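I opened this entry to keep track of what I looked up in one chain. The notes follow the order in which I checked things.

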Amino acid sequence: FMDNNQVFAKILVPVDGSEPSFHAAHIASNIASKFNAEITLLYVVVSPAQYEYINLTGLVTPKQIDKIIQNVKEESKDWFNKIEDMVKKENPNIKLSTKVIVTGVAIYGEIIQYAEKESIDLIVIGTRGKSGVKKLLLGSTASGVVTYANCPVLVTK
């Protein structure tokens, strides 16, 4: 038996700086208000051609990985801030956290793994991200998340 107040306690919003991802965050914020839920903004970036960072031993050094992650965090800071401002304006009590993951695999795989690990109750994702092709109903990331996620997925237009 599900306690109705706790249906969506933890909401995950994958963001990438695109308009659809800001819109998804906006909708997640409305849902979070109703359920008194917490929101995690997740930015997953596929490591740009990992071999570029390989040193002579054939391994990526922790320092190089740190540098990649620093760059990615810089890139996402403005989006995170923009969304945080919007959410706080609508509901100052919402608990909001941000997470950045650099991955070598498909972005949707990373999103799903994170959602499982963190026991996410709902994923809110835009139909298309930055690299979206207008003709496609769903971008490859949204499509992968819808197909494989273990929790409900709300795809926002």
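Helices and strands here are DSSP runs, helices of at least four residues and strands of at least two, numbered from the N terminus. With that in hand I placed asparagine 36 in the loop between α1 (19–35) and β2. I note at the start that the model is predicted.

**Entry: overall make-up**

I listed the secondary structure of the chain and got four helices and five strands. Reading along the sequence, I wrote down the pattern β-α-β-α-β-α-β-α-β. The chain has 157 residues, and 37% of them count as buried. I then took the contacts between residues at least 6 apart in sequence, and 76% of these join residues at least 24 apart.

**Entry: strand β1**

I looked at the bridges of β1 on both sides. Five bridges join β1 to β2, the two running parallel; here valine 13 has leucine 41 of β2 as its bridge partner. Towards β4 (residues 122–126), β1 (residues 10–14) has two bridges, again with the strands parallel. On that side isoleucine 11 is partnered by leucine 122 in β4. I also checked burial: four of the five residues of β1 are buried, so the strand is largely enclosed by the rest of the structure.

**Entry: positive phi**

Most residues other than glycine have a negative phi, so I looked for exceptions. Asparagine 36 has a positive phi of about 55° and is not a glycine. Its relative accessible area is 69%, which makes asparagine 36 exposed.

I noted serine 119 as well, with phi near 50°, a positive value in a residue other than glycine. Serine 119 sits in the loop between α3 and β4. At a relative accessible area of 47%, serine 119 is partly exposed.

**Entry: a buried charge**

Glutamate 110 belongs to helix α3. Leaving aside neighbours within four places in sequence, I listed the contacts of glutamate 110 as Val44, Ile101, Thr103 and Val105.

**Entry: salt bridges**

How many salt bridges does a search of the whole structure find? The search gives three.

I took the pair of glutamate 19 and lysine 82 to begin with; their side chains meet at 4.0 Å, N to O. This pair links distant parts of the chain, with glutamate 19 in helix α1 and lysine 82 in helix α2, 63 residues apart. Glutamate 19 is exposed at 56% relative accessible area, and lysine 82 is partly exposed at 44%.

Next I took lysine 95 and glutamate 38, which form a salt bridge at 3.6 Å, N to O. They too link distant parts of the chain: lysine 95 is in the loop between α2 and β3, glutamate 38 is in strand β2, and they are 57 residues apart. I have lysine 95 as exposed, with 54% relative accessible area, and glutamate 38 as partly exposed, at 27% relative accessibility.

I then noted the salt bridge of glutamate 74 and lysine 77, at 3.4 Å, N to O. Because these two are three residues apart in helix α2, about one helical turn separates them. Glutamate 74 is partly exposed with a relative accessible area of 48%, and lysine 77 is partly exposed with 39%.

Definitions and conventions
Residues numbered from 1 in each chain as written. Predicted model: local features only at pLDDT ≥ 70, side-chain atom pairs only at ≥ 80, totals over all residues. Heavy atoms only, no water. Pairing = 2+ DSSP bridges. Buried < 20%, exposed > 50% of the residue type's maximum accessible area, 1.4 Å probe, protein only. Contact = heavy atoms within 4.5 Å.
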